[in-house]
Amino acid sequence: MIFQIKKRKRKKNGKTVYSSTYSLYYRLGDMQSPRWLALKLTDKEAATAKALEFRKEYEAEVAGIIQPKAIRNGAESPIEDLINEYICDLKKRVKSSEGKTPKQSRTRLLRLVKECGWGKLADVTPDSFVKWRSKTQLAPKTLNHFLGEAVTFLNWITRQEKLLVNPLAKVSKLSEKGRETRVRRAFSDSELKRLLAASPSYRSIAYLTAARTGLRLGELASLKWADVSFDSKTPHILGRAATTKNSKDSRIPMTIQLERKLLRHRPDDWKPS
């Protein structure tokens with residue numbers, strides 16, 4: 001074990017210069033190598049007291065008497081600040097073509113914070129979430145989306161080492177079977193024909209492409225003329241890896257109807273981009 005309170009030194013213009021404040025040079029327990037901790041105090045007696053307090057806290061953490069300092073600080077952190085950090089990170093990681101957007105995530109999380117009474121991380125409990133869920137009039141599917149959003153956020157917090165475990169990890173989802181407020185289905189051919197006939201051309205071409213390819217909104221919005229192959233053996237639309245949800249290229253064959261409509265829609269001065 002090493003435990004020394006001293007001033008750090010360095011070379012400056014060939015001379016040894018000491019810092020104005022004390023630091024702790026230590027190696028405790030099974031640490032592989034010694035470390036420095038800046039005590040930021042000029043009085044050695046005060047620096048020693050601070051170092052002893054650090055040692056007491058460290059040994060209590062190792063013994064499991066108290067949680068690590070990062071966890072304790074995280075529990076007291078304003079949860080809205082953590083949401084802002086999470087959303088900033090999410091914007092870097094999530095592609096705009098994916099269904100869930102950072103804006104949607106932020107809206108859901110802030111609603112939970114307000115309606116569940118979560119001021120800080122320590123306020124997030126299974127009981128507070130379940131009580132909120134039991135009182136709200138949202139559909140089961142929507143409530144499951146809120147739970148999934150919160151669990152994903154808290155998993156991110158756990159990876160930042162501000163939580164030991166995700167407090168909502170064991171909250172079960174609601175059953176959605178037979179409780180749908182709106183049953184979704186595909187258009188029939190006659191319904192699709194009526195929609196296309198009633199829509200202006202710039203909309204009908206988008207509706208037809210969506211219906212015949214299955215591309216998502218973000219993927220459709222990212223299409224370029226270079227992605228539409230009319231001259232290959234099997235005319236197709238390329239879903240580029242940069243835009244698809246699974247980050248893989250996909251070639252979607254075009255129906256004859258879609259191929260003809262797209263050819264008519266393409267301007268004479270079209271460019272690949």
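In what order do the 3 strands of the open sheet stand? The order is β4-β5-β6, with antiparallel pairing (strands pair when DSSP finds at least two bridges between them).

Before you click around: this is a predicted model, where local features need pLDDT of at least 70, side-chain atom pairs count only at pLDDT 80 or more, and totals for chains, interfaces and linings use all residues. Residues are numbered from 1 along each chain as its sequence is written, and side-chain values use heavy atoms, with hydrogens and water left out.

**Stop one: the sheet.** Helices (H or I, at least four residues) and strands (E, at least two) are DSSP runs, numbered from the N terminus. Select β5 and β6: 4 bridges join this antiparallel pair. Look for Leu 238, which sits opposite Arg 251 in β6.

**Stop three: two loops.** Most residues other than glycine have a negative phi. Go to Asn 13, in the loop between β1 and β2: its phi is positive, about 55°, although it is not a glycine. Asn 13 counts as exposed (over 50%) at 73% relative accessibility. Then jump to Glu 161, in the loop between α6 and α7. Here phi is positive too, near 60°, and Glu 161 is exposed, with a relative accessible area of 57%.

Definitions and conventions: Buried means under 20% relative accessible area, exposed over 50%, partly exposed in between (1.4 Å probe, protein chains only).
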